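Visitor: I'd like to learn how to read the inside of a protein model. Could you walk me through one?

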Amino acid sequence: MAEAAMAGSDSLWQKVRDEAQRSANADPVFGKAVAGAILAHDDFAAALADLIGRRLASNATERVRFMAFCRAAFGGEPDLIEAAGRDLLAIARRDPAVADLLPPLLHYKGYIALQAWRVSNWLWRHDHRDAALLFQNEASNLLQVSIHPTASIGSAVYLDHATGIVIGADVVVGDDVTILQNVSIGRSSELPARSPRIGCGVYIGAGASILGDISIGDLAKIGAGTVVTSDVPAGCTAVGNPARLTNCPESASAA
């Protein structure tokens, strides 16, 4: 698994470096920034640790500290870098405004916030809980994205625009999920307080709220502004407040 992750990240890293070199050649002024952020690093993990440090830190000392945590996580679990690569490729596939890998890597705060969460989750699982909460806090303050370290998130996940996204403790998010801005996913006020489970390939529109001990099935769509407090079967679309189901597959309708 680790060898496969390394091979995948190496291939992606070469693509990013090629894009960075072309960008630097085309625009010498911007090229200085690209050189520091990308071309100065030996691999994707080092560049990503640096980018997270730059975005979360307010001074040089904090930047070094955040980078050290990131390097520890990426070194201890190479699959984190594989997941980060899949997240980046997902943006290029799903965002019609993006054709290359370099722009979202350098400029999309949702991408950096998600990778900061991956580090915080690793820290939490390795009993560095104060450090994990520090990552969450700084990502919330500076990137306006708050993801609890105990959440579980798959790969090829895209936080589009990202401002105002809140993902609470113990929420489960599957692979290939797209989440737009101002989405809240977490526990309801009812007891027992349990968190939502989001399937694979789900699309969650801007301003939606998904609350409580519920499941959102694979390939479901949650419309903008929808408030979901009960299960959504696979393939269905949920819209409105309270949510109502539409466009369900026949199998889901029969169930």
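**Reading the core**

Guide: The largest nonpolar core has 72 residues, and Ile38, Phe44, Leu48, Ile52, Ile204 and Ile216 have the most contacts inside it. Its largest share, 10 residues, comes from helix 7. A nonpolar core is a set of buried Ala, Val, Leu, Ile, Met, Phe, Trp, Tyr and Cys residues joined through side-chain atoms within 4.5 Å. Buried means under 20% relative accessible area, with a 1.4 Å probe and protein chains only. Helices are DSSP runs of H or I with at least four residues, strands are E runs of at least two, and both are numbered from the N terminus.

Guide: This is a predicted model, where local features need pLDDT of at least 70, side-chain atom pairs need 80 or more, and totals for chains, interfaces and linings use all residues. Residues are numbered from 1 along each chain as its sequence is written, and side-chain values use heavy atoms, without hydrogens and water.

Visitor: Which residues is Ile52 in contact with, beyond its neighbours within four places in sequence?

Guide: Contact means heavy atoms within 4.5 Å. For Ile52, that gives Cys70, Phe74, Ile112, Gln115, Ala116, Val119 and Phe135.

Visitor: And is Arg118 buried or exposed?

Guide: Arg118, in helix 7, is buried, with a relative accessible area of 5%. Its side chain makes a polar contact of 2.9 Å with that of Asp87; such a contact is an N or O pair within 3.5 Å, one able to donate a hydrogen and the other to accept it, and residues adjacent in sequence count only if both atoms are side-chain atoms.

Visitor: What covers the buried residues of helix 8?

Guide: The cover includes helix 3, helix 4, helix 7 and strand 1.

Methods:
Buried means under 20% relative accessible area, exposed over 50%, partly exposed in between (1.4 Å probe, protein chains only).
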